[in-house]
Amino acid sequence: MSERYFRVSTEGFVAELVLNRPRKLNVVDFGFFEELGEHLKRLEMDESVRVVLIWAEGKLFTAGLDLNHAQKEIFGSAKSEGDRAQFSRVIYHWLNQVQSNISFMQTMNKPVIMAIHNACIGAGVDLATAADIRLCTDDATFSVAETKLAIVADLGTLQRIEGVSNRGLAREMVFTGESIDASTALRAGLVNRTFKTKDELLSGARDLARKIAANSPIVVQGSKKVLNFTHKHGSEASLEFVKAWNTGFLQTEDLGEAIGSFIQRRKPIFKSNL
């Protein structure tokens, strides 16, 4: 599998997916999102992986969309098609593919933690809002930069940001296109915790990932499915969903292991996956 944009490693039950083009400020293009989807789908199928941690090399998390690439490869190729309908077809296809790869992060069974340092611009916020948990450094900033480029943000931020942060602040970010700092993001609930340095951020993120991975994977993954179902369909429908879920999945080897380890006063060893 290609690792042009990312570096992937696994330790214990935690996979680390690292944005790895620091010299280019981790800007993103179509190839980035295509590779992102490939890695996430592979990690979803890997039973040795229980949690995915995403972070970035370099001075910042991401500078957002590679505008030079977009001008040449997206708008350039679209305009070369000739008429307006063909132009629209190219843009629609590009958006459909990219949205699908980002959305998979949200809908995949395994939890995704995103550890953000310094600037998280434009498409970086699309990525961040699709993650289950966001952590950042004290110097982190977040901006929906598309607004200042005369583009309606179209890769998922508008659909998710009000669900993961204060509604008023989310709309302020979108309408102004201006950056918010880490302390503001923390107060708004956009991030769970902040850390002084990148090293402390990664240490904290890895510790959190290990705590999650120590639990029964089928329970963690099932819980994510129920939470996502609730967000989409509401509490009443989700109560029915979780009844059906536990009717089918409650009796696992992990349940017996949890009870047995409690009685024997030892740490449980969980194995069951979806």
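These legends describe close-up views of a predicted model. Residues are numbered from 1 along each chain as its sequence is written, and side-chain values use heavy atoms, with hydrogens and water left out. Local features need pLDDT of at least 70, side-chain atom pairs count only at pLDDT 80 or more, and totals for chains, interfaces and linings use all residues.

**View 1. Y5 and F32 form an aromatic pair.** The structure holds six aromatic pairs. Rings of Phe, Tyr and Trp (its six-membered ring) pair if their centres lie within 6.5 Å; planes under 30 degrees apart count as stacked, over 60 as edge-to-face and the rest as tilted. The ring centres of Y5 and F32 are 6.1 Å apart and the planes stand at 90°, so this pair is edge-to-face. The pair links distant parts of the chain, 27 residues apart. Y5 sits in the segment before β1 (6-11), and F32 in helix α1 (residues 30-45). Helices (H or I, at least four residues) and strands (E, at least two) are DSSP runs, numbered from the N terminus.

**View 2. F32 also pairs with F33.** F32 is buried, at 2% relative accessible area. Buried means under 20% relative accessible area, exposed over 50%, partly exposed in between (1.4 Å probe, protein chains only). The rings of F32 and F33 have centres 5.1 Å apart and planes at 90°, so they too are edge-to-face. F33 is buried, with 0% relative accessible area. Y5 is buried as well, at 4%. One aromatic cluster takes in Y5, F6, F32 and F33.

**View 3. Charged side chains sit over F13 and F104.** A charge sits over a ring if NZ of Lys or CZ of Arg is within 6 Å of the ring centre and within 35 degrees of the ring normal. The charged end of R50 is 3.7 Å from the centre of the F13 ring. K41 lies over the face of F104, 5.9 Å from the ring centre.

**View 4. Helix α11 carries L255 and S261.** The helix spans residues 253-264. L255 is partly exposed, with a relative accessible area of 34%. By contrast, S261 is buried, at 3% relative accessibility. Leaving aside neighbours within four places in sequence, S261 is in contact (heavy atoms within 4.5 Å) with R266, K267 and P268.
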